[in-house]
Amino acid sequence: MPDEKPEEVPVKKTAAEKEAQTEDKKIKYSYQEGKGLPPLNLYLHWCKACNICISFCPQKVFDPDRDGRPIVARPEKCTQCAICWLHCPDFVITSNYK
Amino acid sequence: MPHRITSARKLMQGNEACVHGALYAGCRFFGGYPITPSTEIAEGMARLLPKCGGHFIQMEDEIASMASIIGASLTGTKSMTATSGPGFSLMQENIGYAYITEVPVVVVNVQRGGPSTGLPTKIAQADTMQARYGTHGDYQAITVAPASVRECFEQTVKAFNFAERFRTPVTMLTDEVLGHMREMITIPESGELEVVDREKPDVPHEWYHHFEITPTLVSPMASMGDGYRYHVTGLVHDQDGFPTANPNEIKAKMDKLRNKIVRFADEVTQLDVEMVDDAGIVVFAYGTTARAARQAVHMAREKRIRAGLIRPITIWPFPDDQLRELLAHVRRVLVVELNQGQLIHEIERVAPKTCKVAGLTRYDGEVLNPVEIFKRILEVK
Amino acid sequence: MMADPIQSSNVTYDYLRVKKRFPNVWCAGCGIGTVMGSIIRAIDKMGYSKDEVALVSGIGCSSRLPVYCDFNTLHTTHGRAIAFATGVKLAKPSLKVIVVTGDGDGLAIGGNHFIHACRRNIDITTVLINNQIYGMTGGQCSPTTPHDSFAATAPYGNMEKGFDPTTLAKAAGASYVARGTVYHVQQLDKLIYGGLNKKGFAMVEAFSNCHTYYGRLNKEGDAVAMLKLMKEHAMPVKAAKVLPPEKLEGKFLTGVLWDVEMPEYCELYQNLIDSFQEKDKE
């Protein structure tokens, strides 16, 4: 059996690089200032109320409606982390910023 | 790349003739599994396919072999497998898949003694009904059966032509004797025998329905990668290949599958008929058995017995109408088979009341020789 | 080579089949839909044209995935997806062949084809969606159902021990083996991308939740609860190397578990064909 690849040493990002990355994110995402597009679009016809987006959203942006489908209750809290639309098994959620 | 043979006159084995016939027909993919008595076909393909730009693969079992040739055919490559009884049984589910998804492939079954492991190195013709009803559900089989090494070549080409013409799996039944014996054969020049290719679509992408119910009931077939991006599934499907539970669409699909073959069966029928016009007794046999039967008929004629021979080269669909006509003024028909009686049931179904049906069977692994058949003719006439 | 972060969120819509009825057929919260998104993003990231992708599947919940995707899709017989895909790939190596299979379809009835495709190292990427149960037929135990867990056909607890598909694939000769989960979707995107990028047989096991059967019969709760379980029990293979053994108790490894260079089957065959063509020229 051929041997494994040599071990890659995980490279630590310097503080400056990290700063630049969050800076970059700020510029792209402008909803916090109240203008610009809402963070997310929900195509609720395809939603089966599986509750994954509601429970895994770190900022608790969603509230369940009567049937358990997500409502974007607190859009300003959305940080575009993509957890919701990456997990959604029915492609209900899309982001206006990613 | 063309498939070239050095000299036209060759002493060739039946199995080898299948290989050359397939290459002549444009087969460029073989997925198979070793099984006596068909392995020479796989070996021949392994040697010759790469030389003409084709691909050979020995799969892990016959189920995989059948799967691989369907996959290959979907890329527009004429593909084939060869096996014997046990492998043919394993292939049945995927043969059914090829049938409902209308994928042209050729399956050669070099029959041997059955059932089960049976008689691997001995002859039998006991898979005849399996070629027709082997897999589950309603379906129409096309099966050809050569009786000489030259016909092994020609009928393989025919099998591919029928598969491409009707977009369906076609089975060729040979047997251990025919597969292993050698005869002189003149290899046809390229172009001498007709080679049929599947009809390709020439409509824009949005107009294409992979299972379109056309007047001929055979839909043009695009290949994977041609830009049509169709869906293929073993579930009963609509004209776009998407699964359906709608009774009308189900019936439409099932009618299409049956009628595309039944309505055009005359294109497929191949009957070898000898001295039947004035015959009082006709011997009915296919494949290797028919060779001995012909000899027996000549022996009977020498004894001034008006005997004739009918040999179906295309066994399925069974030539009902032609046989009713041929047997109309015949007193006796003798069905000679190397099994415990299979095609005799078809003959009993088809033969007119005026024609008494008798049988001669042998299933001990040996061939029926002309004298045995001749004696039976004397008994039955 | 790992993909850089996720592409845009609505990339998946470009690859869905408009003629197909949505929402998809899977239960609410089933991970297979998530895996489908992952596969589509990985394909998009690779820059494949839709015409050159062949998506092949067998029978089962996992195998209803291709019908929704706008590629050359093939929904074959139970367990035989990899055998069909081998025919497609070998006959037309220019096609990018991806197999979607499940733990039952790929390891039970399809186990023989699975290990032989690994052995051949043919350039096919197989995404094996492991929900540890037969979902389509109603919760029977599968080759990866854990020992002592319950299923419709293991009412008194599963007496058998489940396979680990990754060690099986590695032992059988696959050149790229990885495991992800439908919780760690960003990682799953990268792992599938890595598989597509690999010239050889790539197997990516996607751990998925079947709360309708496995979760219910084993009291593991709904989709959210099972996803949380995955989060707790997953252990990235890089972390596992540095952690003491007791930390790895009850965890399963995720990430790229095996990645070696080996000759690829179709290439070897093409060399053979080319060798004859050169001989013809002389």
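**View 1. Strand 9 of chain B pairs with strand 2 of chain C.** In this predicted model, the two strands run parallel, and three bridges join strand 9 of chain B to strand 2 (residues 72–75) of chain C. Strands here are DSSP runs (E, at least two residues) and helices are too (H or I, at least four residues), numbered from the N terminus; two strands pair if DSSP finds at least two bridges between them. Look for His231(B), which stands opposite Thr73(C) in strand 2 of chain C.

A quick word on the numbering and the rules: residues count from 1 along each chain as its sequence is written, while chains are lettered from A and ligands numbered from 1 in the order in which they are written. Local features need pLDDT of at least 70 and side-chain atom pairs count only at pLDDT 80 or more, whereas totals for chains, interfaces and linings use all residues, and side-chain values use heavy atoms, leaving out hydrogens and water.

**View 2. A salt bridge links chain B and chain C.** Here Asp51(C) meets Arg229(B), with their closest N and O atoms 2.6 Å apart. Between chain B and chain C there are four salt bridges (a side-chain nitrogen of Lys or Arg within 4 Å of a carboxyl oxygen of Asp or Glu).

**View 3. Chain B meets chain C.** Chain B brings 41 residues to the contact and chain C brings 39 (contact means heavy atoms within 4.5 Å). Together they bury about 3,500 Å², 60% of it on carbon and sulfur atoms; buried area is the accessible area (1.4 Å probe) that two parts lose on being put together, summed over both.

**View 4. Chain C meets chain A.** This time 39 residues of chain C touch 26 residues of chain A. About 2,800 Å² is buried between them, and carbon and sulfur atoms give 67% of that. Ser9(C), Tyr13(C) and Val224(C) supply 19% of the area that chain C buries against chain A, more than any other three residues.

**View 5. Helix 1 of chain C on the side that touches chain A.** Several elements of chain C give two or more residues to this side, among them helix 1 (31–46), helix 8 (223–233) and strand 8 (252–259). Helix 1 of chain C has the largest share, five residues.
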